[in-house]
Amino acid sequence: MKEQNRNIGIAPYGGSAGGWGALKAVADAVRRQMALKQDAIALFKVNQPQGFDCPGCAWPDPQHTSSFEFCENGAKAVSWEATSKRTTPEFFAAHTVTELWQRNAFELEGEGRLTHPMKYDAASDTYQPIEWETAFAEIGARLRSYDDPDSVEFYTSGRASNEAAFLWQLFAREYGTNNFPDCSNMCHEPTSVGLPESIGVGKGTVQLDDFDHCDLVLCIGHNPGTNHPRMLATLRDVAKRGATIVAINPLRERGLERFTSPQSPIEMLSMSSTQLASTYYKVRVGGDAAMLKGVMKILLSMHEDAIAAGEKPVLDEDFIQQHTEGFDALKEDLDNTDWAHILKVSGMDKAEIQNIARLYAAAENTIICYGMGITQHQYGTQNVQQIANLLLMRGNIGKRGAGICPLRGHSNVQGDRTVGITEIPSKTLLDSLEKVFGFTPPQHHGHGAVAAIKAIQEGKSQALLCLGGNLAEAISDPQATFAAMRKLDLVVHMATKLNRSHLLMAKHSYLFPVLGRTEIDEQGSGEQSVTVEDSMSMVHASRGALKPVSPHLKSEPALVAALAKATLPNTRVNWDKMVNDYSFIRDAIEAVFPAFKDFNRRVMQPGGFHLYNAAAKREWLTPSGRAQFKVMEGINEDPRSLQCHDLVLTTLRSHDQYNTTLYGLNDRYRGVSGRRDVLFISADEAENRQLRVGDTVNMIALDPQGNRTERRMDNLTIVVYDMAPGSVAAYYPEANVMVPLDSHDTKSGIPAYKSIPVVLEPTTATQAESSGTRR
Ligand SMILES: Nc1nc2c(c(=O)[nH]1)N[C@H]1C(S)=C(S)[C@@H](COP(=O)(O)OP(=O)(O)OC[C@H]3O[C@@H](n4cnc5c(=O)[nH]c(N)nc54)[C@H](O)[C@@H]3O)O[C@H]1N2
Ligand SMILES: Nc1nc2c(c(=O)[nH]1)N[C@H]1C(S)=C(S)[C@@H](COP(=O)(O)OP(=O)(O)OC[C@H]3O[C@@H](n4cnc5c(=O)[nH]c(N)nc54)[C@H](O)[C@@H]3O)O[C@H]1N2
Ligand SMILES: [Mo]
């Protein structure tokens with residue numbers, strides 16, 4: 001760790017998260033992207049009662065925001081959208097698609113906001129401007145020409161507002177399909193699938209003020225300093241109150257350790273910080289189920305000892321008795337799980353696991369937060385359910401200061417699901433749509449993200465319509481996906497900026513520019529607000545403040561409605577009325593989903609309103625009416641195997657990116673600057689392989705049996721990092737080439753982006769020579 005070499009952009013970072021470094025990064029982002037001083041003022045409207053919702057993440061805002069609530073990465077997200085740079089028709093005329101393909105993600109989006117509707121012209125290999133009405137008529141005719149509505153895929157990325165997403169699912173279902181691949185399929189699908197089985201609701205049960213009453217927060221597999229920076233203020237309050245925070249993560253992440261609040265003049269001026277996690281455990285990549293089972297095993301034995309000694313029981317027996325089912329089966333599974341196996345797979349000491357169990361047993365109220373480190377595995381759903389088991393053992397769901405807290409990704413990914421973006425719709429949803437709108441929606445299930453890509457590969461799907469996002473680059477196995485997408489008949493992208501998915505040309509390809517959240521959305525009845533739902537089920541309004549970057553932009557609801565009208569001549573939906581005034585969209589949402597009762601009134605209250613969460617009230621919407629302890633067979637991807645791979649790769653986000661959007665090439669808190677072609681590895685693992693900081697290696701993916709595959713990344717530069725044994729890490733999306741499409745959770749279908757068995761080998765002399773110029 002002491003080795004460092006600034007010339008190669010690798011040097012350990014000594015500061016806290018936040019602080020002056022964060023303020024400087026905000027200033028840099030604003031300076032690089034925003035020309036007008038006025039635009040920078042937009043930042044001050046982020047997350048204000050009359051302002052727009054920050055597109056950065058889904059962490060909730062304190063109810064009565066007095067000072068402005070923004071963070072470094074929120075500021076980057078806003079300035080990236082409110083940039084003064086433009087990708088105009090002249091730009092497209094000057095660059096062929098083949099030429100643009102050679103550019104990297106940073107360069108593509110770096111050109112700025114899309115300004116005009118475009119259509120691909122194969123003869124000149126360029127995108128050419130097209131009139132909106134012509135484009136709609138062409139697309140409508142094409143969609144009507146297909147025999148099977150299930151050969152069309154309707155993709156949604158999680159920035160879409162409730163209003164846009166509701167119209168999107170309405171269009172697709174009236175057209176005749178439930179094909180809704182969405183970013184959630186790559187993100188929190190294990191939560192959406194696993195938690196309903198466990199507690200009857202596929203969402204988190206905590207609200208922000210539960211953090212004021214908890215004694216313990218376990219942070220498993222998420223990196224708030226980068227991905228949910230406003231959460232650091234909440235964790236700081238928790239720590240200052242004297243409650244305990246424990247982090248469980250293969251990498252030591254600065255954002256979980258120390259935070260200097262830019263909102264605290266004392267911390268800023270004295271250059272001090274607040275310690276967040278008091279205890280940090282480095283679990284092996286993919287070792288969480290083993291760790292969780294270990295903790296539960298110890299709890300059981302502590303409980304038995306306490307009972308034998310006539311002391312206070314460790315488990316909440318009354319709760320288990322009254323509210324749950326399946327405890328005996330869980331106990332049997334834990335009894336049969338062997339310690340040697342647990343320690344090997346988790347990579348932790350027994351003393352560490354014991355300590356987690358003791359802290360948990362001592363805490364009256366516990367919240368468990370988790371992110372992609374838990375979900376993106378072949379057993380992601382079961383990982384989530386083991387977390388629910390642990391909470392249920394001590395009655396930590398449905399009481400103040402306790403509960404489960406999945407950290408959602410995109411700012412409205414949870415809301416999109418709530419308003420009907422799902423390939424597995426319930427009968428209630430379909431019946432309700434039929435009753436309100438008078439058409440019969442398709443009853444059979446549709447495609448999620450992996451199934452959609454497979455259908456495209458197999459030629460079963462011929463059209464892909466994307467409401468935002470960058471599906472081709474976000475999904476596993478880009479090589480195969482790219483080739484498949486080029487065989488499509490029709491693609492339609494609705495986007496703010498150019499990305500690689502837009503350069504995969506189908507026979508007929510359209511690229512449409514949309515309004516972002518920061519912009520004023522003017523419709524017939526005046527300026528419109530949209531609504532979003534955060535990670536804690538708070539629904540609130542968002543209203544843009546800036547002049548749109550071009551007069552040709554359409555809002556997402558208007559665009560979706562126009563496509564629907566052009567496609568469905570006999571539509572039963574009054575699209576014009578809803579687009580003219582979005583409050584009619586909200587009325588329709590309320591008519592379909594009773595939880596949105598009195599939607600238009602309640603959403604205008606400062607801070608919005610909370611959607612009812614049955615599990616948080618100990619009302620269990622499971623078939624038996626009880627919460628379920630769910631048994632996971634084994635503790636790693638192959639339940640029969642006692643083996644685990646020597647080295648497992650996880651893929652993660654740098655501090656300078658938003659998913660496939662790269663703001664820059666730095667990863668400040670992990671000490672990497674100016675490059676992304678790196679591999680993080682622990683000092684021990686490096687030493688075993690005689691590797692030093694700055695050396696280059698090739699990484700080859702293994703199949704589940706441990707055989708080498710064709711998948712590889714060459715010339716990665718070694719970063720020796722404080723992290724778990726048996727684990728390496730590289731950046732997403734570059735590392736997606738290592739993940740086969742078939743490697744996914746069988747229950748939820750989420751790609752196993754965070755558990756890829758690999759081997760390393762030294763780069764050849766020729767490769768090493770060329771590495772100096774590579775990024
Ligand atoms: N600035 C910024 N904000 C974002 C995003 C962004 O890209 N940039 N993306 C948004 C989206 S869509 C999402 S889903 C969230 C993502 O937020 P996170 O869930 O924080 O995302 P990741 O960076 O993928 O990985 C999280 C952490 O998991 C750890 N990890 C990796 N493998 C394992 C494992 O096997 N076990 C455990 N316990 N931990 C593991 C990694 O070390 C890392 O610290 O953030 C959202 N917010
Ligand atoms: N290896 C690996 N792969 C992963 C992950 C991982 O951790 N590791 N994480 C997964 C996760 S959690 C997610 S959520 C997915 C992300 O998958 P996506 O949501 O599909 O990807 P993004 O990169 O967020 O999409 C970026 C694009 O969205 C468009 N955009 C931005 N704002 C707007 C807007 O307001 N409206 C519209 N219409 N378009 C807009 C821009 O054109 C931009 O280029 O990736 C997944 N892939
Ligand atoms: Mo996500």
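In this structure, a nitrogen atom of ligand 2 is 2.7 Å from a polar backbone atom of Ala474, a polar contact being a pair of N or O atoms within 3.5 Å (within protein, one must be able to donate a hydrogen and the other to accept it, and residues adjacent in sequence count only if both atoms are side-chain atoms). The model is predicted, and local features need pLDDT of at least 70, side-chain atom pairs count only at pLDDT 80 or more, while totals for chains, interfaces and linings use all residues. Residues are numbered from 1 along each chain as its sequence is written, chains are lettered from A and ligands numbered from 1 in the order in which they are written, and side-chain values use heavy atoms, with hydrogens and water left out.

**Ligand 2**

- An oxygen atom of ligand 2 lies 2.6 Å from a polar side-chain atom of Tyr155, and an oxygen atom of ligand 2 lies 2.9 Å from a backbone N or O atom of Asn470.
- Taken alone, ligand 2 exposes 930 Å², of which the protein buries 96%; accessible areas come from the Shrake-Rupley method with a 1.4 Å probe, and for residues only the protein chains shown count as cover.
- Helix H24 (471–474) and strand S16 (490–495) are the elements that give two or more residues to the shell around ligand 2; helices (H or I, at least four residues) and strands (E, at least two) are DSSP runs, numbered from the N terminus.
- There are 32 residues around ligand 2, and Glu109, Tyr155, Glu556, Thr660 and Asn736 come nearest; a residue is near a molecule or strand if one of its heavy atoms lies within 4 Å of it.
- The shell around ligand 2 comprises 13 nonpolar, 13 polar and six charged residues; Ala, Val, Leu, Ile, Met, Phe, Trp, Tyr, Cys and Pro count as nonpolar, Asp, Glu, Lys and Arg as charged, and the others, Gly among them, as polar.

**Ligand 1**

- Of the 33 residues around ligand 1, those that come nearest are Glu253, Asp288, Arg653, Gln657 and Asn659.
- Polar side-chain atoms lie 2.7 Å (Asn249) and 2.8 Å (Lys754) from an oxygen atom of ligand 1, and an N or O atom in the side chain of Arg653 is 2.7 Å from an oxygen atom of ligand 1.
- On its own, ligand 1 has 920 Å² of accessible area, and the protein covers 99% of this area.
- Helix H10 (224–227), helix H19 (372–375), strand S24 (648–652) and strand S25 (657–658) are the elements that give two or more residues to the shell around ligand 1.
- By class, eleven nonpolar, 18 polar and four charged residues form the shell around ligand 1.

**Backbone features in loops**

- Tyr732 and Pro733 are joined by a cis peptide bond with omega of about 5°, and Pro733 lies in the loop between strand S30 (727–731) and strand S31 (756–762).
- Asp125 is not a glycine, yet has a positive phi of about 55°; Asp125 is found in the loop between strand S4 (118–121) and strand S5 (126–129).
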